[in-house]
Amino acid sequence: VSDSDLTQLDITQLAPLLRDRQVSAAELTDAYLDRIERLDPRLNAYIRVMPDQARAAARQADHDLATGAYRGPLHGIPVGIKDLFDVAGVPTTMGSKILRDNVPARDATVVGRLKQAGAIILGKHNLHEFAFGITSENPHFGVVRNPWNTERVPGGSSGGTAAAVAANLCAAGIGSDTGASIRAPAAFCGIVGLKPTYGRVSRAGALPLAWSLDHAGPLARTVADCALVLQAIAGADPRDPGCTAEPVPDFTADLLGGVTGLRIGIPREYFFEIIEPEVERLVDAAVATLERLGAHVEEVSLPHVGDAQTAGNVIMSAEAAAFHAEWLRERSVDYGSDVLQRIRGGFIISATDYLHSQQVRALVQQDFQSAFERVHVVVAPTVPLVAPPIGRTQVPGGALNMVPRAIANRTTVPCNLTGMPAISVPCGFADGLPVGLQIMGPAFGEPMVLRVAAAYEQATDWTARRPLVLQAAIAAGAADRSST
Amino acid sequence: MAETISADEIRRSVGGELSEAEVIALAEWHAGIARGVSQYPAPELRGVEPPLRSTPGPRAMPQPPATSEPPAPSGPPA
């Protein structure tokens, strides 16, 4: 297997090769580091690459394999970490100037669990400053570019992670999602992103954006890879007061279960009211595919979900302002202008508006509770638009002639309010840009969400398509090898 | 429900030195939020409790082991 081929393999393909020592963790890690060196200058997905640590961890992984200490399907798998999760001894910047020199002594729980599972940490991914934005146009570490079109944003805030996964600069990554930040970049970059149930995955060692909305979760190229990463990072953690002791099931057990006989809900309200026509067409086609695969599709009513975006933005801004209050007083000049504006907004939210928004949260939860008495999952667009052009995210544009930043989280934030699991899986391309299908399930219903996503993925070939920027790099790599 | 906010209130709440443009931008942002909040279904809000909870609170220290004999009386040193 050539080095360029190695980075194209999914985790499910790599795991048996590593286990049987047909491929070493060292050569796999080198292949990824080589790819990062070639491609990342065009994408800016990484804030920090950790070649020495990664190679040392890969050697250890190979040594463990040689001595029979196999740690499971992530053993020797190179992954990347959004730079808001702590990796001991490496700065956690959160994409900010303020935390440029913040060096933690201890791993975040998710990072520690990935290491325990044998994964190799390649580096820290770029993101929207302080994870407070949807574009990853970072004023301190540079704009992250979408591998499908480098003049477009990758989405955010886990934009570096999504771009890196899409461009094969890591096999999978860990992101966070407070209003959209795993699912929207996954949709914009044509990969799979899962926001688990609130409390399913520890956030200990991750800097908060908004405590009551923050989730950690995986981004990967396939649904099965997402399930494998989730398996490694899920579970109780006394370091995170929001983390639950809910038993962790086998997330891969139902992946081949199909959708025959399952009931799929399509929201009557809100989710399809503001949407680019081509995105709507692709989501409708995806729903038709699920129906053809044997699912029963029906409308569900979510009468209060129209208030979810306002409620989410109020709660997010107020909680972010509380976290940032001291820095804002002392170092406001060190913030980027858009994030500064949004955090300052939290100071002019009244306590009653915050609490009314929390009450809306309860109403939206009741809506979904009623829906899940009739259907197994609810399906909708992940994001109502395709990735907008860099530098044009705060002005009207696109097929809807609307401000991208104003609408990009409207279909994702309801699940941050409810805490429900939701996954984005690629469902086609509009003007050459990926579109995501969002599958939402009841609390701790990740196995069902993954099952439906896997059934759709297996019936289509969207996740197999790779960005042009990657194909060009592969061709260049092949040319280099043939000339030496 | 949310109402419009004055420039003075913005300056007082946010603190620090805000430019005129920043105050205007915050006022516009707040107006958008206020419009959204004004759409909330007030009668229904009265029927739900916000999902905010206290915790049971800190636990007492473990009970000391029961003693089977009363402690010996202490008296002045002989």
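**View 1. Strand S2 meets strand S6 in chain A.** In this predicted model, A:Val79 sits opposite A:Ala172 of S6(A). Strand S2 (residues 78-82) of chain A and S6(A) run parallel here, with three bridges joining them.

**View 2. Strand S6 meets strand S8 in chain A.** Now look at how S6(A) pairs with strand S8 (residues 215-220) of chain A: these two run antiparallel, and six bridges hold the pairing.

View 3. Strand S6 covers residues 172-177 of chain A, and six of its six residues are buried. In a regular strand, side chains alternate between the two faces of the sheet. On one side of S6(A) you'll find A:Ala172, A:Ile174 and A:Ser176, all buried.

**View 4. Strands S12 and S13 in chain A.** Strand S12 (residues 422-430) and strand S13 (residues 433-440), both of chain A, pair in the antiparallel sense over eight bridges. Zoom in and you'll see A:Val425 facing A:Leu437 of S13(A).

**View 5. The whole sheet in chain A.** Step back and the strands line up as an open sheet of eleven, with mixed pairing, in the order S1-S3-S2-S6-S8-S7-S12-S13-S11-S9-S10 (chain A). At the edges are strand S1 (46-49) and strand S10 (296-300) of chain A, each pairing on one side only. From one strand to the next, the twist averages 30°.

Key: Residues are numbered from 1 along each chain as its sequence is written. Chains are lettered from A and ligands numbered from 1 in the order in which they are written. This is a predicted model: local features need pLDDT of at least 70, side-chain atom pairs count only at pLDDT 80 or more; totals for chains, interfaces and linings use all residues. Side-chain values use heavy atoms; hydrogens and water are left out. Two strands pair if DSSP finds at least two bridges between them. Helices (H or I, at least four residues) and strands (E, at least two) are DSSP runs, numbered from the N terminus. Axes are lines fitted to C-alpha atoms, for helices over the stretch in contact, and angles run from 0 to 180 degrees between N-to-C directions. Buried means under 20% relative accessible area, exposed over 50%, partly exposed in between (1.4 Å probe, protein chains only).
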